[in-house]
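Please read them alongside the coordinates.

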Amino acid sequence: MSLKRKTAVIGTAILAQPGDDPRSLEELLYDVVQDALRDADLTIEDIDGIVVGSNDQFDGRAISIMAASGSVGGVDRDILSTPSASEHALVMATLRIASGLYETHLIVSWSTTEASSLSEAQRLGADPYFHRRLPLDENAGTALQANVMASSVPGLNDLAAKLAANTRSNGARTRSSVSLKGGALGKLPYPLTDEMVTAPVTGAVAMVIASEDYVAENNLTGVAWINGMGWATETGYLGDRNLNEALALEVARDRAYGEAGLTSPLTQIDVAELTDVSPYQELMVSDVLGLSARADWETDVASGLFSADSNLPVNPSGGVLCFNPVFCTGLIRIAEAANQIRGCAGKHQVSGAKTALAHAASGFAMMYQCVLILGAEPTGEIA
Amino acid sequence: MKAPRVGIIGIGQSVFTRRRDDASYPDLVREAVVLAMTQCGLDFDAIDGTVYSLSPDAMVGIGNAERLGVDAVGGRYKPFLRINTGGATGISSVAAAYYHVASGACDVVLTAGADKVGECGDSQTVLNKIWDPIYERPLPQGTITMLAMSGVRYQQKYGMTQEDMARVVVKNRYHASLNSNAHLRKEVTVEDVMASRHISWPIKLMDCCPQSSGGGAMVLASEAFIKANKLDAVWITGVGHCSETYYLGDRMGKGQLADHADAYALSKSIRRSYQMAGITNPQKEIDVAELYAPFSNTEFHSIEAAGLAEIGTAVPQLNEGRYTIGGDIPVNPSGGTLCTNAIAVTAMIRVAEVALQVWGKAGAHQVKGAQRGVASGNGGDHQFFGTMIVES
């Protein structure tokens, strides 16, 4: 089924908090929301509804959305929260606009590093009877998946290291204030290395979206149309999954590509932002999304397929590898892809980008999968 | 753009009780899902997506516990997301499911969840952690003390007494005695309530909701699907949400943004729902109400916010029986939140109970001839409000 009307991204803001920045969480949220509203040339009075994605364990607040009420402009306004994933906030807001009951929406997500141990906070997500005693944080889930992949692809560990270097090279063009050195907080599980992941930082992202009717009535230009959107989940138990495949991603892909009328991703997509929780996952996602088949990984990585100068730049922003506010990295991928279409991606702008692919993943070993196709023009099933 | 009609075709709820040692957390979710799926007669292949209803993770002691519920709701390889607006989560989840259908994304959507509040140790210790760690958490603030302050203010403004509060308990316990799914089903007297110990003045033990365990599930579908498959349904015709401030201090004293005695954002949310449903005179047009009121005093301002009484006039009307089954507009004929509170699904049960009423399937607590009802949910620190109109 397709949505009943189109939605477009009309404003974004991505905020990284340097270590010496004294702003409180509420101040950060206020600032990132105001930046996104300015980018959309709107005020909070123009916003019909808000959807927030945040994580209670990372924030140390039992209902973390509560803190957002004032600072994101939620007082006297309509707020929903999707704590399952930051990208789910975008999905929910898009559905609300497509329903015809809202014309505009603000989407906000953030991730802090104030928890004494993010690893311990993540381990609370494991089943309390069977898995909690395992050291199962998100890096462990990523590493388990990497090992399964490596067992079926000879030389994958070397390939992953090369891909990570390529992505860091992309990130080095655009990021100056964020560490590009890599590394994690604590010891990494094999086969992950310091070069393949980056320590979590505090960050926030806000997006403003509007209905096709609102875009037309206000003569908005330079917007990024959401032409396809798919989302799906794996089961919660890692033991019940074959980590060498991503069936939920296939479901999300089919829906998004189908809605957008995308049949040849390699030729139709100008730029992609993938959630590279590690280069192993980036490769798996590239395969499922039709960007680089498994059999071609070695030659594709060697030829720089994913570099910012290639025909299909992947993660020109540097991806999660260069900026890792853990919980909101998925929504940041979508904002980055939208910025490419809107021509406001800054130093990592891909010239002439008309169609962008955004992929978001959350949970252990990419449990939640989300795919968006953004375009400079409304295309697809209801265009 | 006219909002499309979305129908409710299946409802499942546990027999709520304090503890469910016989069932794991996902088991409780599954229990409600099976009941809802059985009622609508569909199998899981017909479900296009799921909205998972879960409020604070800390209540079940599992981070992002919705992940462990994916298979309980048959969600694997399908669209799935979780909603959390605190105590309003249940009604927000039904609303989110509504948007899944109304947007055209799905024909049939399941929303489900469960809670084990009675097994969490002490819910107030968990709920203290919703507040700002610097300013309000150390007071110590809890949802009882929070709404005791509202009660004090309501007493001062409108003359409510503790006996008036007790009469809300008497009414709702009577209603719950007729509802086989309710947690607290023993009838009580005003004297019983007055004799119970104070928890946070003027709220006494029997003025408080219980800590309940159990699950809830609902199946929603598009009008086209319902007609094509000749399914029985009732219809969601109004949906609203509205929020208040985070800091309670912003609802008190000089410069207040809203008065803590009243439920300003609830009234605004309900007005949005009424407007969408075309309701202009709720006292004439609403037959039944399920209003989220976890403490007896809060039922009064909820009734007023729903427009079922003018501001400050709910007390005498409740005392005269207007909101009792058999009265003009029964409020919480299920016994309400005051008699059952499994937080993650409590507000969903409000919608489900209104749906059962307008469907004529509410059993012993059926309100005769109910055609149209209003449901509400409150979450956060009396901060997030969701409301819904359901019609036959």
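In which loop of chain B is the place of Asn64(B)? Asn64(B) sits in the loop between strand 2 and strand 3 of chain B; helices (H or I, at least four residues) and strands (E, at least two) are DSSP runs, numbered from the N terminus.

1. Basis. This is a predicted model, in which local features need pLDDT of at least 70 and side-chain atom pairs count only at pLDDT 80 or more, while totals for chains, interfaces and linings use all residues. Residues are numbered from 1 along each chain as its sequence is written, and chains are lettered from A and ligands numbered from 1 in the order in which they are written.

2. Confidence. The model has ipTM 0.97 and pTM 0.97. For chain B the average pLDDT is 96, and 99% of the residues score at least 70; pLDDT is the predictor's confidence in each residue, from 0 to 100.

3. Backbone exceptions. Most residues other than glycine have a negative phi, and most peptide bonds are trans. Asn64(B) has a positive phi, near 45°. Tyr190(A) and Pro191(A) are joined by a cis peptide bond with omega about 10°, and Pro191(A) belongs to the loop between helix 7 and strand 5 of chain A. In chain B, a cis peptide bond with omega about 5° links Trp201(B) to Pro202(B); Pro202(B) is found in the loop between strand 5 (198-200) and strand 6 (203-204).

4. Overall form of chain B. Chain B contains 12 helices and 11 strands. Its C-alpha trace spans about 55 × 45 × 40 Å along the principal axes.

5. Sheet of chain B. An open sheet with mixed pairing is formed by 9 strands in the order 3-2-4-7-1-8-11-10-9, where two strands pair if DSSP finds at least two bridges between them. Strand 3 and strand 9 (288-290) of chain B are the edge strands, each pairing on one side only. On average, neighbouring strands are turned by 25° against each other, direction ignored. Strand 2 (residues 49-53) and strand 4 (residues 108-116) of chain B run parallel and are joined by 5 bridges; Thr50(B) has Leu110(B) as its bridge partner in strand 4.

6. Contact here requires C-beta atoms, placed from the backbone, within 7 Å.

7. Sheet of chain A. Here too there is an open sheet of 9 strands with mixed pairing, in the order 3-2-4-5-1-6-9-8-7. Strand 3 (78-81) and strand 7 (271-273) of chain A stand at the edges with a single partner strand each, so one side of each has no neighbour in the sheet. Strand 7 pairs with strand 8 (residues 355-362) of chain A in the parallel sense over 3 bridges; Ala272(A) has Leu357(A) as its bridge partner in strand 8.

8. Helix pairs in chain A. Two packed helices are described by the angle between their axes and the distance between the axes. For helix 7 (residues 156-174) and helix 11 (residues 279-288) of chain A, the axes come within 8 Å and cross at roughly 90°. These two helices of chain A are therefore roughly perpendicular to each other (angles under 35 degrees count as roughly parallel, over 145 as roughly antiparallel, 65 to 115 as roughly perpendicular and the rest as oblique). Ala160(A), Leu163(A) and Ala164(A) of helix 7 meet residues of helix 11 including Pro279(A) and Leu283(A). The axes of helix 4 (residues 86-98) and helix 14 of chain A come within 5 Å and cross at roughly 55°; helix 4 and helix 14 are therefore oblique to each other.

9. Interface. The contact takes 51 residues from chain A and 54 residues from chain B. Helix 2 of chain B gives the largest share of the side of chain B that touches chain A, 5 residues.

Conventions
Contact = placed C-beta atoms within 7 Å. Axes fitted to C-alpha atoms, helices over the stretch in contact; angles between N-to-C directions.
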